[in-house]
Amino acid sequence: MNAFGNGITISSNIGTAPWGASEVNLAHIFHTSIALAMFLTGFLVAVINQLLMRHFDLPRFLDEVVFIACFSYFINLFTSLFSALGLPDLPLPWRLVAGLLGIITLGCSISFCQRANLLMHPNDDTTNILRFMYCKNKVVRAQLINFSVSLLLTGICWLATGKVYAVNIGTLLCLLVNGR
């Protein structure tokens with residue numbers, strides 16, 4: 001669900017979730033696929049999660065790496081599929097509707113994964129780690145701290161290239177409602 005929603009938001013170009021936007025921008029800077037940028041960023045976040053927990057949890061680390069490997073592959077697949085179907089070429093109102101539905105889809109899927117707490121994207125696990133270990137169970141605060149890192153990455157990409165990709169009204173919507 002999460003990869004499907006992200007694929008729609010990236011293809012519609014109305015803005016994606018903050019982490020997705022930073023990874024799309026990294027892909028543009030390094031001239032690589034979105035899948036590789038997402039995998040490498042997710043892998044790094046999985047390592048950081050281990051540091052945030054203050055102990056090494058091999059099963060959790062491996063779960064996150066497996067998740068991000070599959071997730072990055074499926075985002076690339078869905079982004080390519082929606083692009084091949086012509087989503088980027090639709091008139092703005094249709095892209096806006098599709099993109100907002102994509103944001104809602106990915107937001108709901110993140111919520112489901114975090115509540116189940118079985119196998120999560122490393123960025124979503126970061127929110128849980130921050131929430132329970134550092135933010136006194138305040139999910140919105142934890143989510144905003146997590147998002148601030150991705151927004152900083154996007155800002156660095158913008159400073160390096162003068163261009164920003166995958167940031168638009170969908171990103172704003174995600175910032176305002178994700179976590180609540």
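This is a predicted model: local features need pLDDT of at least 70, side-chain atom pairs count only at pLDDT 80 or more; totals for chains, interfaces and linings use all residues.
Leaving aside its neighbours within four places in sequence, which residues is Asp 124 in contact with? They are Asn 2, Ile 110 and Gln 114. The protein chain has eight helices and zero strands, so let's start with the overall build.

**The big picture**

- Read from the N terminus, the elements go α-α-α-α-α-α-α-α.
- The radius of gyration is 15 Å, close to the 16 Å that the globule rule gives for 180 residues, so the chain is as compact as a globular protein of that length.
- Taken along the principal axes, the C-alpha atoms fill a box of roughly 50 × 30 × 30 Å.
- Out of the 180 residues, 45% count as buried.
- If you take the contacts with a separation of 6 or more, 74% of them come from residues 24 or more positions apart.

**Helix H4**

- After H4 comes Gly 86, with a positive phi near 95°.

**The nonpolar cores**

- In soluble globular proteins, nonpolar side chains tend to be buried together.
- The largest nonpolar core here has 15 residues, and the members that touch the most others are Ile 10, Val 24, Ile 34, Met 38, Phe 71 and Ile 75.
- H1, helix H2 (18-30), H3 and H4 each give two or more residues to this core.
- Apart from it lies another core, of eight residues, including Ala 17, Trp 19, Leu 106 and Cys 174.

- Side chains of opposite charge can pair when their charged atoms come close.
- The structure holds one salt bridge, and it joins the side chains of Arg 60 and Asp 125, at 2.6 Å from N to O.
- This pair links distant parts of the chain, with Arg 60 in helix H4 and Asp 125 in helix H6, 65 residues apart.
- How exposed are the two partners? Arg 60 has 27% relative accessibility, so it counts as partly exposed, while Asp 125 is buried, with a relative accessible area of 2%.
- Now back to Asp 124, which also sits in helix H6.
- Asp 124 is buried yet has no salt bridge, and the nearest side chain of opposite charge, Arg 115, is 11 Å away.
- A salt bridge needs the nitrogen and the carboxyl oxygen within 4 Å.

**Ser 11, a buried spot in H1**

- Ser 11 lies in helix H1 and is buried, with a relative accessible area of 4%.
- Not counting residues up to four places away in sequence, Ser 11 touches Phe 78, Thr 79, Phe 82, Ser 83, Leu 87 and Pro 88.
- Ser 11 and Ala 166 are 155 residues apart along the chain, but their C-alpha atoms are separated by 8.9 Å.

**Out in the loops**

- His 31 lies in the loop between H2 and H3, and it is exposed, with a relative accessible area of 75%.
- The C-alpha atoms of His 31 and Val 139 are separated by 35 Å, and the two residues are 108 apart along the chain.
- Asn 13, in the loop between H1 and H2, has a positive phi of about 60° although it is not a glycine.
- Asn 13 is partly exposed, with a relative accessible area of 45%.
- Lys 136 is found in the loop between H6 and helix H7 (139-161), and its phi is near 50°, a positive value in a residue other than glycine.
- Lys 136 is exposed, with a relative accessible area of 74%.

Key:
Residues are numbered from 1 along each chain as its sequence is written. Side-chain values use heavy atoms; hydrogens and water are left out. Helices (H or I, at least four residues) and strands (E, at least two) are DSSP runs, numbered from the N terminus. A nonpolar core is a set of buried Ala, Val, Leu, Ile, Met, Phe, Trp, Tyr and Cys residues joined through side-chain atoms within 4.5 Å. Buried means under 20% relative accessible area, exposed over 50%, partly exposed in between (1.4 Å probe, protein chains only). Lys and Arg count as positive and Asp and Glu as negative; His and the chain ends are not counted. Contact means heavy atoms within 4.5 Å. The radius of gyration is taken over C-alpha atoms; the globule rule is 2.2 Å times the number of residues to the power 0.38.
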